[in-house]
Amino acid sequence: MHAYIIRRLLLIIPTLFLATLIVFFMIRLIPGDVIDLMAAEKQAVTGMDREAIAHELGLDIPIHVQYGRWIGDIFLHGSLGASLWKKIPVMGLILERLPVTIELGLMALIIAILVALPIGIYSAMRQDTAGDYFGRTISILAMSVPGFWIGTIIMVFPALWWGWSPQVQLIRFVDNPLRNLGQFIIPATVMGMAMSGVTMRMTRTMMLEVLRQDYIRTAWSKGLRERIVVLRHALKNALIPVVTIIGLQMPILIGGTVIIEQIFSLPGIGLLQINAIFSRDYPIISGVMLMMAAFVLCMNLIVDLTYSFLDPRVQYR
Amino acid sequence: MSSEVAPAVIQQEVKRRSFLVDLLIRLVREKPAGTVGAVITLLLLLTGIFANFLAPYGYNDIHPADYLSPPSAKYILGADNLGRDLLSRLIYGARISVIVGLSATAISTFIATIIGVLSGFIGGRFDTIVQRFVDAWMCFPVLVILIAAVSLVGPGMLQIIILLGLLYGIASSRVIRSAVISIKENVYIDAARAIGCSDIKIMIRHILSNIMAPVIIIFSTQVAAVILAEASLSFLGLGIPPPTPSWGGMLSGSGRTYMFLAPWLAIWPGVALSIVVYGINMFGDALRDLLDPKLRGGIGRYGTKKSRGKGVR
């Protein structure tokens, strides 16, 4: 088991290395330049020309040298470079905003699972009853209705009808835990919605399959209560594909933070990224993308590791 | 002798010709939700094609006098901040969704097929290297890599289509690759090689014709995802630039100030988007169930009559 984890962690490194190539070269080779953007702004103020700006930003050296320096900094100093505009280390900017995104993502994940599992299980237990159709309708709706639309509706209509609008200023958890959670619950629900739809569907499908197995009939005929049969015998065996699909949804969830943080103006990684993109702040864009890639790879590993917890027959070698 | 063979050949011909009809009959009979989805998809397609006949006004006909006019007989769904008819813009928006959805998915299916077939068929070190790149590509959230790429090439319909096609194509090449690997082991591939077929001929004649089911499935399941991705991009202001009416762009943040004065602007583009995504998803699901023999007769198919009746107890 330990050997397996170490080998998987080592395997992340080449993938991440390729990811750095994609991040770095995609962003710098495609036309459209921060220098043009800055030149427009700075020339008026300081009279700096393009070359001077490029030199100041370190963009005048050959691109492979730039890449080498960037990678070297990451490995040697754990640094992702500095923002081109603010001159602040990117790592600091990311770490400062990370708690917001983590809280948002974690809450979305918890809400998605809390909604998806019970409804999915119930749907499977009472297949083709009104309750099942209701559950299935909810899951299809959750998958089809785009989150950014629901977010927009939430921003517009409560404000119109009751004069209520979501808090714009961030309330930190340490200052007021309850109000902080209250601020995050709506964006997190919107974000978790799509995920819960997919998960609900997978839960129902897998439960239906497992509930028809012989050992479930045995469990029934032993006279076990429904709760025990469903939760202890069936659910645990149905969970592996469900966990897999939750893992597969992680990149979508992370990508969703960009939109949700924008709508609800939460100062997280997503908002940082969007603003960096509009100002073409390369180091921030590449830094955030790399962090997200590393996170997704780690989540994939964690998902694989939960298999052995859910099913002792799964062995890692 | 020849008279015995002839009827069998004819029968086969008839069977082959009626494949689509057969699929349609099974769709209607076995998949009510899928049928609804098919109807929605068809309606979207027709709306997109005939947008200029259906829309009462042009998508950019500005009527300053009717600024934010509420729904009325003149403007059934109301007008926006430039006095443009919302219904007409929705109808033209369907055309944008159709164009982006179909062309980006076509590109993506093409790319997925090329990468998947080459990687799966050639195998060995080539496969390993290609797959590591696909791995690296897939660890980025789609939306994040999209907004980064769009911000660099600039917004525009053509850019969006190519980018979406490329991104989804690389991601779904996995499915094609695994299908190719399992087909490659068949005896008829060895037979083709034994009679002297070149690799390229084997790939085109024998592999490609046998992976049509996953190819169609990828195509049908990706249209909705692509439409949604375009809407999200346009919503962020990184998609199709105005005045072209994209459903996502119509909900975009810059228009939100007007939504407080004219709430109908916030409702209809989202409704249209949700219905279309629902319809295409349901249609794609039904198509997958009907086409994929492994899932046929399986459990958990939406809206099937065959899987019903057997309760838990």
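**Exercise 1. Determine in which hand α5(A) passes α10(A), and describe the geometry and the residues of this helix pair.**

Step 1. In this predicted model, the crossing in which α5(A) passes α10(A) is right-handed.

Step 2. Two packed helices are described by the angle between their axes and the distance between the axes. For α5 of chain A (residues 90-125) and α10 of chain A (residues 226-263), the axes come within 9 Å and cross at roughly 140°.

Step 3. On the side of α5(A), the residues that meet α10(A) are Thr101(A), Leu104(A), Gly105(A), Ala108(A), Leu109(A), Ile121(A) and Met125(A). Their partners in α10(A) are Val230(A), Leu235(A), Leu253(A), Ile254(A), Thr257(A) and Ile260(A).

**Exercise 2. Describe the secondary structure of chain B, and state what share of its residues count as buried.**

Step 1. Chain B contains 14 helices and zero strands, and the pattern read along its sequence is accordingly α-α-α-α-α-α-α-α-α-α-α-α-α-α.

Step 2. Of the 313 residues in chain B, 43% count as buried. When contacts in this chain between residues at least 6 apart in sequence are considered, 70% of them join residues at least 24 apart.

Step 3. Taking α14(B) as one of these helices, we find 28 residues that reach 41 Å from the first C-alpha to the last, which is close to the 40 Å expected at 1.5 Å a residue. This helix is mostly covered, with 21 of its 28 residues buried.

**Exercise 3. Work out which elements of chain B touch chain A, and which of them gives the largest share.**

Step 1. The contact draws 42 residues from chain B and 48 residues from chain A.

Step 2. On the side of chain B, the elements giving two or more residues are α6 (124-138), α7 (142-153), α11 (212-235), α13 (256-259) and α14 (264-291). The largest share, nine residues, is that of α7(B).

**Exercise 4. Identify the residues with the most contacts inside the largest nonpolar core, and list what Ala148(B) touches.**

Step 1. The largest nonpolar core has 161 residues, and those with the most contacts inside it are Met289(A), Leu146(B), Ile147(B) and Ala148(B).

Step 2. Leaving aside residues up to four places away in sequence, Ala148(B) touches Ile27(A), Ile277(A), Ile285(A) and Met289(A).

How values were computed:
Residues numbered from 1 in each chain as written. Chains lettered and ligands numbered in written order. Predicted model: local features only at pLDDT ≥ 70, side-chain atom pairs only at ≥ 80, totals over all residues. Core = buried A, V, L, I, M, F, W, Y, C linked by C-beta atoms within 7 Å. Buried ≥ 20, exposed ≤ 12 C-beta atoms within 10 Å, placed from the backbone. Contact = placed C-beta atoms within 7 Å. Axes fitted to C-alpha atoms, helices over the stretch in contact; angles between N-to-C directions. Helix = DSSP H or I, 4+ residues; strand = E, 2+ residues; numbered from the N terminus. Left-handed = near helix turned anticlockwise from the far one by under 90°. Expected span 1.5 Å × (residues − 1).
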